[in-house]
Amino acid sequence: MHYLQLLSTSFPTIASAATEIINLEAILNLPKGTEHFLADLHGESAAFKHVLKNASGNIRRKVSELFKGDIREAERRELCTLIYYPEEKLELIKASEEDIDDWYHITIHRLVAVCRDVSSKYTRSKVRKSLPEEFAYIIEELLHERTDDIDKAAYVSVIVDSIISTGRADDFIVALCNVIQRLAIDQLHILGDIYDRGSGAHIILDTLRQYHSWDIQWGNHDMLWMGAAAGNNACICNVLRLSLRYANLATLEEGYGINLVPLATFAMDTYGDDPCEEFIPRLLTGNTLDEKTLRLTAQMHKAISVIQFKKEAQIFHRRPEWQMEDRCLLEHIDYQRGTCTIDGVEYDMTSCHFPTIDPQHPNELTPEEHQLMEKLHHSFRVCEKLNKHIKMLLSHGCMYSIFNQNLLFHASCPLNEDGSLKEVELYKGERYSGHELMHNIGMMVRAAFESDTDKELRLFARDYFLYLWCGKDSPLFDKSKMATFERYFLTDKATYKEEKGYYFQLRDNEQVCDRILDAFGVKGDNRHIINGHVPVHASKGENPIKANGKLMVIDGGFSEAYHKETGIAGYTLVYHSRGFQLVQHEPFTSAVDAIQRGIDIKSTTQLVELSAHRMLVADTDKGAELRSQIADLRELLYAYRHGILKEKNKI
């Protein structure tokens, strides 16, 4: 009764409750909205924004279907480019078009046709909410009136004439293109790793801040930045090291205003005579540095790496239950002979120049290093924009999600050798596996940012970001070790190998995937695991679809750093009312090429799974929610009709 009384405030009469039931019943029979899944964006903001604009090629497909045989390929390509980049394309067209009013007439009608097509699976109410306020009435009228209706032809024509004559054609076209982009994707799922390698992670997050509906399953690189924002100094060092490794300081300096002058000054003073050959950055296409800048970057890279190894060792000793003290490798160096002993085996080092390391106390920071870390710590903690972006990740994200019978997580679910779920210790002896592990890790991450968290727990939570980044049983890492030290300093490449956990070894086994899905309570005949993290080597014939279709790995290498390794430039998994399609992207050239030359990302679509019937809203999680609401409303109707509750506002 208490609940029905609350419900009656929204639906005060029999008529209002019945109307809502009719509305919800109708919605259940609409086609399901289109979901897009992306993973491992790694700062590639230009490619990411273009994929959103073209809906992974879906808009181009719709334009081709609508106008094939009616307009030439060049015109279809130009129309697509206009939809993707309306402001920029309009300027080019106006500079070359002789009869701009005629062009406006033709183009507005074509855009309305595209908009009508992409909006067809939504209710009028939902479409109305997507429309810009200044043009909402006009767009709605054009969407629901047609020129082939003799009685309305003049009406529609006058609307378009008036848009042009009042000088509002450009603004109207821009608004209409933005509506098409918005309606082409109903829900965007990002399976982790927005940060690192590419230069535009902050741009991606600014884009998502304006996006209508999205969620994220945190990746290991996201966790690193979250740890840095929470004040974990080892995470701060890792963030800086990775940025310097790729000579990519745009996100740090331009995006977040992190002051790197103290690090540069310290590096020049400390490593001025060191060639730092192991630390020369890996330059991506278009990133050129002069010799002086390259040298300074390498010096900064080494300076922060040495501090990182020290700060990590301090945490590993503070948390012996992690069993990671074997990674405190500065303690195993023979600084006289230039060797390092690992697991009883002595290895030669590439160099052994460590002016800031005291061999008797190798993990202690020098006063200068300590002062530097205090400045860097302060920069990360007070950065307003970084903290806003981390709050976005917290409010839109978690370790895992379940959407429409699909289990989403970034990397892995820790397993034992026999494929059973592995119990992992989290805090003070508490052990969890599967769903409980993921849930409690998510709670631990949030505890690091909550001011009312117990002090001891908050300190542990802050340290735990490092374990999530490189811990053996971390669901975001799941390898035997992170061989960063070995790759920098040891000559024997056999030491670089990182043994993958059992999840990666067994994930092609359908029974193992079913066991994981059961543990997370994912039900249904067409259930799947979807994750990223490990690039799929498409050029070598690796199939992203595994375990007889139960598992889909959609890290196709968005980051340029992976293009040679994967042979492609990322995947988008599209889940629409007809089933699953995997869209394989080739490298994106630039927005300028797209605007001026009409060059789109070349994408190949692979049909992954076709549904036996066209899926409706009724077949989705939203459908289950709506059916529950309908049942509640029927209870409310019963209460009204039997006098248990009285109707309100009844005249």
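This is a predicted model: local features need pLDDT of at least 70, side-chain atom pairs count only at pLDDT 80 or more; totals for chains, interfaces and linings use all residues.
On the side of α3 the contact is made by Ser 45, Phe 48, Lys 49 and Leu 52, which meet Ile 203, Ile 204, Thr 207 and Leu 208 of α12. Sorted by class, the residues of this contact are five nonpolar, two polar and one charged.

**Two further helix pairs**

Two packed helices are described by the angle between their axes and by the distance between those axes. For α14 (residues 233-245) and α17, the axes come within 8 Å and the angle is roughly 155°, and the two helices are therefore roughly antiparallel to each other. Their crossing is left-handed. The residues that α14 brings to this contact include Asn 233, Ala 234, Cys 237 and Leu 240, while those from α17 include Thr 297, Met 300, His 301 and Ile 304. Taken together, the residues of the contact between α14 and α17 divide into eight nonpolar, six polar and four charged.

Helix α9, made of residues 136-144, packs against α11 at an angle of about 65°, with the two axes 11 Å apart, which means that α9 is roughly perpendicular to α11. This crossing is right-handed. Here Ile 138, Ile 139 and Leu 142 of α9 meet Phe 172, Leu 176 and Val 179 of α11, and the contact consists of six nonpolar residues, with no polar and no charged ones.

**Empty spaces in the structure**

Rolling a probe the size of a water molecule over the atoms shows where empty space is left.

| Space | Volume | Classes of lining residues |
|---|---|---|
| Largest cavity | about 140 Å³ | eight nonpolar, three polar, three charged |
| Second largest cavity | about 40 Å³ | one nonpolar, four polar, two charged |
| Largest pocket | about 890 Å³ | ten nonpolar, twelve polar, nine charged |

Around the largest cavity there are 14 lining residues, and those nearest its centre are Glu 312, Phe 316, Arg 327, Met 482 and Thr 484. Three helices, α17 (291-318), α21 (455-470) and α22 (484-489), each supply at least two residues of this lining, and α17 gives the most, with four residues.

The largest pocket has 31 lining residues, of which Tyr 122, Lys 126, Asp 186, Val 617 and Lys 622 lie nearest its centre. The elements that give two or more residues to the lining of this pocket are the helices α2 (14-27), α8 (124-130), α11 (169-184) and α27 (621-641), together with the strand β2 (187-190). Helix α11 therefore has a place in the lining of the largest pocket, and α11 is also the helix against which α9 packs.

Methods: Residues are numbered from 1 along each chain as its sequence is written. Side-chain values use heavy atoms; hydrogens and water are left out. Contact means heavy atoms within 4.5 Å. Ala, Val, Leu, Ile, Met, Phe, Trp, Tyr, Cys and Pro count as nonpolar, Asp, Glu, Lys and Arg as charged, and the others, Gly among them, as polar. On a 1 Å grid over the protein atoms alone, a cavity is a set of points where a 1.4 Å probe fits but cannot get out, and a pocket is an open set with protein on both sides within 12 Å along at least five of seven lines; lining residues have an atom within 4 Å of a point. Grid points are joined across faces, edges and corners, and a volume is the space filled by probe spheres set on the points. Axes are lines fitted to C-alpha atoms, for helices over the stretch in contact, and angles run from 0 to 180 degrees between N-to-C directions. Angles under 35 degrees count as roughly parallel, over 145 as roughly antiparallel, 65 to 115 as roughly perpendicular and the rest as oblique. A crossing is left-handed if the near helix is turned anticlockwise from the far one by less than a right angle, and right-handed if clockwise.
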